[in-house]
Amino acid sequence: MTFTAPASVALVDDSDAGESPTPAPDLITATAPGLVMLEAILRAGTVTEAARLCGVSQPTLTRAMSRWEATAGTALFDRSCRTIRWTRPGRELATLATSTLNGFRSALCTRRSLKDSLVIGSLHSLGHAVLVELIANFLKQCPTESVRLIESFSDDLVNAVRAGVIDLGIVDRPTNLTGLTWHRLGQQRLSLVLPANHPAAHTRRIDLRNFKDCTYVALDHRFESRAHADALCAEAGFTPRVVLESDNPSRLRQYVANGSGIAILPVDLSINPQVKYTPIASHLAVREFGVVTNNRTSTSPRVQNFIADIEALEKRYTDWADLLDH
């Protein structure tokens, strides 16, 4: 049986009340979310991991799967076990979605070969220090160039680099470097963010076990640093009671200042006198970050100039990009 989707099939529905997902930098994610969801399910094997990959909540993805089946009039998934098993029509549809996306990505790469700017993606927490230095140095060395900056999550940025939608990403080290080139920049500490008047705010290094009964405010699960924060709490023997999630680190710091909870966030050198970054006594509290490029596009003069500028900075200033103290 060959599955042919009727013209009325809707792969995504924007009518879910109360949900306002942050657009990903990948143009494909913005314009073809249903296809991206299908491809993510095919790649991930579980609804939880697929939802994380495409930046939606698990209930949103589950509802979308049910809508696709209802509209198609046939079962696409076997939900009798924890991992997703495809029916034959479902696998054919997912394979078709992946093929369509690959063609779309190829077209975008061709279109982008004519663009006039270096497109850089970066983690939010690297903008105040590392990114400002890198971009300022690049524009100084290449005064005829221009830069377009996108700030998002590691997975989105790595996917956008793979698709050729952005030239390079400044991200956590990806677990899968297939087709990518990695250039390490430095390390970044995750610290406990406390109100400035908290009794432990000026402790030289804290034991997270002493904060297991506190309430927390946290980045949402699309952030790699949220996974790092949860791992730190697990190491300390507890699951944090999170009362508020946000995709805005600056806003979270303000919630900490206002007494809504404490937080585990990457040090980013932003200044907020109402809070204090307190180092956590754990080797898990330091993560590695760097520049990732696409092997197919990393030979472009713009990308090569940017990497050359990084190497020149590293020769002049050892460990210049490390964000270990605040």
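A cavity here is a set of points, on a 1 Å grid over the protein atoms alone, where a 1.4 Å probe fits but cannot get out, and lining residues have an atom within 4 Å of a point. The model is predicted: local features need pLDDT of at least 70 and side-chain atom pairs count only at pLDDT 80 or more, while totals for chains, interfaces and linings use all residues. Residues are numbered from 1 along each chain as its sequence is written, and side-chain values use heavy atoms, with hydrogens and water left out.

Three cavities of 30 Å³ or more are present. A volume is the space filled by probe spheres set on the points, which are joined across faces, edges and corners.

| Cavity | Volume |
|---|---|
| Largest cavity | about 90 Å³ |
| Second largest cavity | about 70 Å³ |

Among the residues lining the largest cavity are His124, Phe223, Glu224 and Arg287. Its lining divides into five nonpolar, five polar and two charged residues. Ala, Val, Leu, Ile, Met, Phe, Trp, Tyr, Cys and Pro count as nonpolar, Asp, Glu, Lys and Arg as charged, and the others, Gly among them, as polar.

The lining of the second largest cavity has nine nonpolar, no polar and two charged residues. Two or more residues each come from β7 (215-219), α8 (224-235) and β9 (263-266); helices (H or I, at least four residues) and strands (E, at least two) are DSSP runs numbered from the N terminus. The largest share, four residues, is from α8.

Threonine 318 lies in the segment after α10 (301-316). Threonine 318 is exposed because its relative accessibility is 67%, where exposed means over 50% (1.4 Å probe, protein chains only).

Definitions and conventions: 1 Å grid on protein atoms, 1.4 Å probe; cavity = no way out; pocket = protein on both sides within 12 Å on 5 of 7 lines; lining within 4 Å. Buried < 20%, exposed > 50% of the residue type's maximum accessible area, 1.4 Å probe, protein only.
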